[in-house]
There are 4 protein chains.
Amino acid sequence: MAPPLDARIKSGHDKRNQNNNQNLEELMERIGFIGLGAMGRPMARNLLRGTGAQMIVYDMNPDAVAALVAEGATAAGSIAEVAANADIIVTMLPDSPDVEAVVLGPGGLAESAGAEMLVMDMSTIDPSVTDLLSKALGERGHGFVDAPVGRTVTFAEQGKSLFMVGASSNDFGRVKPLLEAMGNTIHHCGAPGAGIRTKLVNNYIAIVMNQVNAEALALIQHFGLALQPTLDVVNGTTATNGHLVTNYPSKVLKGDLDPGFRVKLADKDLNLALDAARTADIPMFLGHAARECYGLARASGHAETDWTVLVDLACARAGLKPPRL
Amino acid sequence: MAPPLDARIKSGHDKRNQNNNQNLEELMERIGFIGLGAMGRPMARNLLRGTGAQMIVYDMNPDAVAALVAEGATAAGSIAEVAANADIIVTMLPDSPDVEAVVLGPGGLAESAGAEMLVMDMSTIDPSVTDLLSKALGERGHGFVDAPVGRTVTFAEQGKSLFMVGASSNDFGRVKPLLEAMGNTIHHCGAPGAGIRTKLVNNYIAIVMNQVNAEALALIQHFGLALQPTLDVVNGTTATNGHLVTNYPSKVLKGDLDPGFRVKLADKDLNLALDAARTADIPMFLGHAARECYGLARASGHAETDWTVLVDLACARAGLKPPRL
Amino acid sequence: MAPPLDARIKSGHDKRNQNNNQNLEELMERIGFIGLGAMGRPMARNLLRGTGAQMIVYDMNPDAVAALVAEGATAAGSIAEVAANADIIVTMLPDSPDVEAVVLGPGGLAESAGAEMLVMDMSTIDPSVTDLLSKALGERGHGFVDAPVGRTVTFAEQGKSLFMVGASSNDFGRVKPLLEAMGNTIHHCGAPGAGIRTKLVNNYIAIVMNQVNAEALALIQHFGLALQPTLDVVNGTTATNGHLVTNYPSKVLKGDLDPGFRVKLADKDLNLALDAARTADIPMFLGHAARECYGLARASGHAETDWTVLVDLACARAGLKPPRL
Amino acid sequence: MAPPLDARIKSGHDKRNQNNNQNLEELMERIGFIGLGAMGRPMARNLLRGTGAQMIVYDMNPDAVAALVAEGATAAGSIAEVAANADIIVTMLPDSPDVEAVVLGPGGLAESAGAEMLVMDMSTIDPSVTDLLSKALGERGHGFVDAPVGRTVTFAEQGKSLFMVGASSNDFGRVKPLLEAMGNTIHHCGAPGAGIRTKLVNNYIAIVMNQVNAEALALIQHFGLALQPTLDVVNGTTATNGHLVTNYPSKVLKGDLDPGFRVKLADKDLNLALDAARTADIPMFLGHAARECYGLARASGHAETDWTVLVDLACARAGLKPPRL
């Protein structure tokens with residue numbers, strides 16, 4: 001059940017004049033959280049702690065549910081129960097069919113919701129499914145926000161995630177306190193659907209660039225150039241990029257391939273971008289060549305390895321030693 | 001204005017014990033400069049002005065020579081005459097065969113030089129030719145430095161070039177004052193050959209990344225995302241790169257395609273890197289896919305356009321409007 | 001003309017003991033045909049004429065239905081009606097979701113069928129959907145055959161199609177007379193699912209090879225080689241292939257780009273093969289590069305053109321005249 | 001020295017009325033043969049046996065020379081000696097620089113020849129070098145023919161080579177008897193330069209198609225299709241090609257990877273075609289993707305393996321068993 005109208009109006013009004021500590025007002029909104037996996041769990045915990053809101057959670061893994069219950073959340077026995085007991089419902093699920101089933105499937109949120117439910121999907125999924133959900137919920141009088149996550153689990157645990165949000169102005173106002181409890185960088189990218197699309201573009205660049213750098217590092221190894229001085233040069237020109245500055249020095253170039261972002265997830269995101277491009281006949285020459293490289297990585301047993309392993313694989317393919325700082 | 005002659009003579013011996021402000025001392029070294037093209041001309045002028053050294057220049061274009069003579073340089077009638085009247089000779093030529101001919105060909109520098117000539121090649125050429133020149137000159141008792149240029153003509157005109165230098169410690173000390181007169185960022189990358197190789201790696205990343213960004217911008221246009229906010233998101237993640245931060249906002253995204261770095265030169269540098277990779281059987285999947293995109297740009301009449309035109313071409317191919325800030 | 005009714009009834013039991021000339025006997029099997037598009041229509045007509053069987057047809061286009069009714073078929077008002085009045089049901093539909101909906105969806109064949117229905121899907125679809133259909137029907141006690149078509153509409157009209165069939169031995173025996181009425185080359189490739197997979201492999205080679213040839217023909221034009229003599233050479237070596245021998249000489253090299261096989265259908269089949277390869281992490285470097293070329297063709301307005309247009313596009317991209325015999 | 005004019009006229013005349021045993025007439029032309037490697041040796045032997053001509057041979061390997069001398073050839077101590085003692089000189093050398101050095105270098109054929117020398121280069125080289133040789137020799141009054149070889153060493157040993165000939169009509173008449181002694185399929189492709197260009201186009205198709213087939217065979221293995229029936233289907237459609245019909249069944253699909261045509265030579269020929277395309281800005285998407293696959297093969301130790309090994313490598317990359325008949 002939704003909070004009394006006046007309470008919500010009051011909090012909405014105050015929201016625009018305040019920047020921090022909005023927790024008290026937001027307590028009026030009851031939160032549902034569906035999907036307590038590697039990323040969902042720390043997000044749900046930070047959400048619970050940061051907002052102090054009433055929260056009901058659902059996951060097929062009872063241990064994950066129990067952990068949240070221990071912190072004060074209520075366990076839902078079904079998705080319908082989440083729908084009945086929350087005003088804003090966060091979904092954080094593996095892939096497009098999962099989200100579609102939870103929202104629109106039999107026994108799903110749309111079927112069970114009262115009036116004025118707001119669903120915020122934070123999964124990374126096919127944007128055409130995002131559009132479908134947004135439209136279907138809108139037709140039933142519900143709200144929809146897409147707010148995929150832009151940084152790794154480590155950041156999520158520290159409440160330092162980045163979010164790319166597609167939402168109406170009003171809905172953005174409602175979810176902002178929740179997002180502030182889970183992350184520290186929040187981009188309102190446009191209307192519903194703009195969040196997931198911004199994420200796909202962003203990840204496309206990072207995921208393909210990873211292989212560009214890998215090829216360049218193989219060339220560095222072949223040339224026998226000293227690594228740090230060469231990186232110093234590159235980082236002073238147009239060639240500089242996020243991998244070389246922040247990612248590689250703490251991961252592959254240190255020999256640390258513990259997964260921060262797994263090859264298989266990079267591959268998944270890349271394919272979502274390529275599938276979107278396919279529908280519009282946008283040639284993505286480099287994207288497809290990169291996809292083959294991720295495919296090679298998966299096929300050689302590296303699906304669960306950190307994506308920076310592409311550097312070592314590019315070198316190994318040419319019989320070169322992995323580059324290390 | 002040059003210092004008095006005795007001052008120049010006196011300072012020669014101190015050279016190796018000082019680190020800065022060596023301009024006065026360096027005047028002892030007579031400079032030769034071969035190749036006064038779009039890039040060579042401003043470099044030679046800054047070199048002349050900045051060092052006050054005695055300088056002899058050679059180019060097949062009499063106008064280019066006259067311009068330098070007007071500033072105090074001497075015109076050489078032949079390459080042999082340069083060799084006979086200079087201690088350090090800079091070459092700044094279009095491609096590998098040009099440099100090889102000037103240095104090792106009939107009537108070239110090697111044939112005509114006295115003792116202890118130091119050749120500094122600043123062209124961007126095939127590193128195997130660099131090695132050949134270095135070896136051939138070394139066997140004749142001469143020195144060799146490769147110091148290709150890392151920024152555009154505009155920077156060269158302002159004396160703000162970046163140089164990637166391959167040189168022995170001793171030779172690096174000799175050319176440093178010259179480089180300081182022409183640029184403001186000097187990287188000593190290693191022994192002879194390390195400069196050109198660092199440049200090829202650096203340009204490889206920037207040139208291929210250009211197409212990665214172009215594909216992503218086509219996706220942005222297709223998705224109908226607002227450009228500046230999307231770039232703001234991207235530049236806060238691993239996906240950020242030099243093009244998006246410094247290059248595109250002043251070029252293609254403003255509709256300015258006046259050549260800062262031409263498609264045909266990017267294509268040339270890319271091919272040098274790919275040729276080097278070929279000899280070592282290093283797979284460069286993205287590099288080759290990118291090469292086809294530069295080939296498409298050349299074939300559609302854009303050889304002389306700024307390399308950021310790849311963004312507009314990627315959009316046009318899918319019937320999308322060019323992205324503009 | 002159909003045989004007398006008693007002959008049909010009598011022959012039913014002999015079916016499994018005979019190999020040839022089973023047409024008379026097969027008339028016992030009532031046929032359903034769903035999907036009367038460009039390919040389905042001539043197939044259904046030949047099936048009706050060639051077997052003399054009782055046939056019930058369904059399509060959303062009333063004109064297509066009327067044309068078959070005029071030849072003796074019965075019109076079904078729903079898919080359920082087809083299920084209720086046929087023993088073997090042929091589906092010939094645009095894409096995977098269409099077939100899945102017709103077979104397994106609400107009001108679909110599985111829901112409405114009596115005992116021992118045999119579904120023969122002749123569409124080109126995702127093999128994982130083929131497997132799904134086969135399994136789901138099997139669990140309900142029905143049979144399933146996949147028999148995609150290997151030649152163009154022109155061949156279908158002449159009853160000269162090629163079929164790649166995945167079926168149990170028993171089911172193959174049942175559908176063989178039907179296939180013989182529609183085509184003249186029938187390959188039993190293996191168990192259910194083997195037909196569609198064989199087709200995907202076959203089309204993969206032909207579709208990608210099309211672009212290989214296109215690039216080679218651009219080279220021929222650039223070299224200024226005489227076309228026929230060059231093809232004569234190529235067709236005498238390992239380089240020979242079906243396009244050069246039979247397809248191009250009657251299509252693109254004659255300037256005939258009327259669609260025998262459309263770019264968009266080639267693109268669809270290529271993507272099905274690539275999607276199948278993706279699930280198994282099989283690198284398909286050339287397939288993906290080819291897909292971009294089909295994407296370029298679609299994006300430039302050639303989705304409905306004959307696939308051999310890739311030859312002209314490859315030449316045009318390099319400013320070369322199209323090759324013509 | 002050339003044979004007396006009347007003898008040459010006479011033999012030329014007879015040639016057109018005879019098909020075989022033209023040996024007696026051809027004896028008038030003295031033959032030189034430079035390059036007795038794996039391919040050159042059997043060609044020279046067949047030439048000697050088949051024409052009965054006076055023949056002088058040159059190679060840096062004394063064993064190769066001795067073998068020919070044992071059959072009746074004369075050993076030359078230098079290239080100049082070949083030039084002085086032959087009317088038609090065949091060159092069969094590894095690469096462009098070798099041929100250029102032998103023909104135009106110091107002590108080379110052009111320098112040492114008398115009047116009316118005819119050089120027939122049968123090597124596979126860069127067509128721009130072919131043009132250079134043709135032009136340089138023409139300016140000195142000599143003739144030039146390019147006649148690269150289109151089949152493997154095994155065919156050469158049996159005198160069953162295929163030749164692609166670029167020659168003036170007159171020169172073609174002169175070299176035809178020689179070619180008939182070495183092969184059984186002779187294509188006169190056009191003026192000088194047309195032979196090597198036809199070969200590059202031909203080999204481009206075969207070399208790239210090899211990887212197309214390899215990817216398709218990996219898909220066959222993944223799908224678990226029976227090999228022979230699947231090949232039977234493919235060979236009945238547009239997808240059929242020379243590899244599948246004649247090459248693979250006797251090589252890789254039998255597990256025989258003894259080099260008939262080595263990966264490194266396929267790679268060389270592919271690069272010659274790609275380099276020629278580069279100069280004309282012809283996009284060769286599949287060619288470049290294929291080149292990376294040959295690069296991967298070389299890098300993994302297969303430079304000297306038969307080129308059909310690409311099939312096994314494509315399967316191995318995806319963890320699939322090699323396909324065998």
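Residues are numbered from 1 along each chain as its sequence is written, while chains are lettered from A and ligands numbered from 1 in the order in which they are written. Because the model is predicted, local features need pLDDT of at least 70 and side-chain atom pairs count only at pLDDT 80 or more, whereas totals for chains, interfaces and linings use all residues; side-chain values use heavy atoms, with hydrogens and water left out.

The secondary structure of the two annotated segments was computed separately, with helices (H or I, at least four residues) and strands (E, at least two) taken as DSSP runs numbered from the N terminus. Over residues 193–312 of chain A the chain is 69% helix and 0% strand, with 36 Å between the end C-alpha atoms. Over residues 30–190 of chain A, the content is 44% helix and 22% strand, and the end C-alpha atoms lie 25 Å apart. Chain A as a whole contains 16 helices and eight strands. Its radius of gyration, taken over C-alpha atoms, is 21 Å, close to the 20 Å that the globule rule (2.2 Å times the number of residues to the power 0.38) gives for 325 residues, so chain A is as compact as a globular protein of that length. Along the principal axes, the C-alpha atoms of chain A fill a box of roughly 70 × 40 × 35 Å.

Buried residues (under 20% relative accessible area, with exposed meaning over 50% and partly exposed in between, for a 1.4 Å probe and protein chains only) make up 59% of the 325 residues in chain A. Among contacts (heavy atoms within 4.5 Å) in chain A with a separation of 6 or more, 67% involve residues 24 or more positions apart.

The relations between chains were examined by least-squares superposition on the C-alpha atoms of residues with pLDDT of at least 70 in both copies. A rotation of 180° with 0.0 Å of shift along its axis superposes chain B on chain A with an RMSD of 0.0 Å; the two copies are thus related as by a two-fold rotation axis. The residue of chain B that comes closest to this axis is B:N241, at 2.0 Å for its C-alpha atom. Since 100% of the interface residues of chain B are also interface residues in chain A, the copies meet through the same surface.

Chain A can likewise be laid on chain C by a turn of 180° and a shift of 0.1 Å along the axis, with an RMSD of 0.1 Å. Of the residues of chain A, A:H288 comes closest to the rotation axis, at 3.1 Å (C-alpha), and the same surface serves both copies, with 100% of the contact residues of chain A recurring in chain C. In this pairing, 16 residues of chain A are in contact with 16 residues of chain C. The buried area, defined as the accessible area (1.4 Å probe) that two parts lose on being put together, summed over both, is about 1500 Å² between chain A and chain C, and carbon and sulfur atoms give 49% of it. A:R278, A:D281 and A:E292 supply 40% of the area that chain A buries against chain C, more than any other three residues.

Helix α16 of chain D (residues 309–317) is largely enclosed by the rest of the structure, because eight of its nine residues are buried. The cover over these buried residues includes α15 (285–302) of chain A and α15 (285–302) of chain C, together with α11 (194–223), α14 (263–279) and α15 (285–302) of chain D. Just after α16(D), D:G319 takes a positive phi of about 70°.

Most residues other than glycine have a negative phi. C:D281, although not a glycine, has a positive phi of about 55°; C:D281 is found in the loop between α14 (263–279) and α15 of chain C and is buried, with a relative accessible area of 15%. In chain D, D:D281 also has a positive phi of about 55°, lies in the loop between α14 and α15, and counts as buried at 16% relative accessibility.
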